[in-house]
Amino acid sequence: MVAPGSKGRVLLAYSGGLGMPALLISKRSGPRKSRKLTFALPLDTSCILAWLIEEGFDVVAFMADVGQEEDFKAAEVKAMQIGAKSFHLVDLRREFVENLIYPAVQCNAIYEGVYLLGTSLARPVIARGMMDIVVQENCQFVSHGCTGKGNDQVRFELAFYGLQPTIKVIAPWRDPLFYERFAGRAALLAYAAEKGIPVFQTAAKPWSTDENLFHISYEAGILEDPDTTPPADMWKLTQSLEDAPKTPERISITFTKGIPTTLLIHPAGTGPTPSTEGKTITDSVEVFLTLNALARKHAIGRCDIVENRFIGVKSRGCYESPAATILRKAHMDLEGLTMDRNVRALRDGFVTAELSKILYNGYWFSPEREFVQSCLEKSQETVNGRVRLALFCGNVIVEGRVSETEALYDAKQSSMDELGGFSPAETSGFIAIESIRLKKWGEARLAKGASVKPESVYPARS
């Protein structure tokens, strides 16, 4: 919140919907105050833009292209019509894929066992793009349109401070001067009408969304009742199971150090056997976009959860993460073939858990993220190989995997039909050592009067 008397020195950036993470505000000389700002939701961001101008700020609009389906030109026209001094559209898609999405694939990032962190992943790259414009425009302040109850306010602001420690943040929806004046949608609509701001809204879709090329999220409105089934027309990206193709489509994904580097789409009718036939894609962004299209076609990537926000509030969210769902399944399968057991256990127990938490809570630009990511890169050195998959009616089915460089798997050694250089007799000594403490525990148990009966062995049921 802006302290009283400080408006003359404000340079503002506002972030949020319409794909616009920020409006940037810069100080200028002269009697009129000058600030630069960006956008959040189609209604409230536009009103904030007009409000900032009313308060005496010059506004520069910033919009990040992170793969959302958006009419960028219409957003620019609207911002300029409202009174923005200039407009920045920054294409961050490749940066998003290569620097946020693929590290998340490497660590199998996931929150509370379900959420693949699509919203969280986009925030660091948007924040970095915003700070780039802040420096370019000599901004002193940045502002966003995030709600005071959500995670994004934390994610954006922590990223701002990590990248530009001297930046100051103005959050309109935490400022009583703003939210008491605009207490609800009716007040915003009235203000929009007063200022001649064009507003496009519909009562047919009573929920909010956030979209990028990784996913789309749905929350609020009718979804706030966790027992309300999302209507069929809510899901924007993926086909329903009923409409999905009734025959599988087969693909192969090649990983290099845990990063997907080649996608091979096999011809229709290809069976569940190794094949080199088909269309090959190697560009990092095109690999991800093509997997998105395939997953959407085959109804892959939906989830509906109640999660715990960082600030302590529970929230119901619905998500579609098409390509990410395929990559997670393929990557985890290849790790089973190519990663050392103990390295994988340490990665799962520490790196995956900590990096997922860092992403969700907004600490991407932090020393702990740099440390954890350095461990992640070391863990992925052996994750090289190809995974064959079938995409079918919401399922990602692994049909085979191979690595030409990693030799941890030995078919002869694990075979039940031959010794393969492994002596079964050696297992007796292994079991003897492993059972020492269990024998002592068992002896102590029996000495206390325990038995082998079910009521003695299993926990009592209340």
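Modeller: On a 1 Å grid over the protein atoms alone, a cavity is a set of points where a 1.4 Å probe fits but cannot get out, and lining residues have an atom within 4 Å of a point. This is a predicted model, in which local features need pLDDT of at least 70, side-chain atom pairs count only at pLDDT 80 or more, and totals for chains, interfaces and linings use all residues. Residues are numbered from 1 along each chain as its sequence is written, and side-chain values use heavy atoms, with hydrogens and water left out.

Biologist: Which residues line the second largest cavity?

Modeller: Ser120, Arg123, Pro124, Arg155, Ala159, Ile358, Leu359, Gly362, Tyr363, Trp364 and Phe365. Helix 4 (118-136), helix 5 (152-163) and helix 10 (341-361) each give two or more residues to this lining. Helices here are DSSP runs of H or I with at least four residues, strands are E runs of at least two, and both are numbered from the N terminus. Helix 4 supplies the largest share, 3 residues.

Biologist: What lines the largest cavity?

Modeller: Its lining includes Ala104, Asn108, Phe214 and Arg328. Helix 3 (93-106) and helix 9 are the elements that give two or more residues. By class, the lining has 7 nonpolar, 1 polar and 1 charged; Ala, Val, Leu, Ile, Met, Phe, Trp, Tyr, Cys and Pro count as nonpolar, Asp, Glu, Lys and Arg as charged, and the others, Gly among them, as polar.

Biologist: In what order do the strands of the open sheet lie?

Modeller: Two strands pair if DSSP finds at least two bridges between them. Here 5 strands run in the order 11-10-9-14-15, with antiparallel pairing. Strand 11 (279-281) and strand 15 (395-402) are the edges, each pairing on one side only. Strand 14 (residues 385-392) is joined to strand 15 by 7 bridges, and Arg388 stands opposite Gly400 in strand 15.

Biologist: Which strands does helix 9 lie across?

Modeller: Contact means heavy atoms within 4.5 Å. Axes are lines fitted to C-alpha atoms, for helices over the stretch in contact, and angles run from 0 to 180 degrees between N-to-C directions. Helix 9 (residues 322-338) lies across strand 9, strand 10, strand 14 and strand 15, at about 30° to strand 15.

Key:
1 Å grid on protein atoms, 1.4 Å probe; cavity = no way out; pocket = protein on both sides within 12 Å on 5 of 7 lines; lining within 4 Å.
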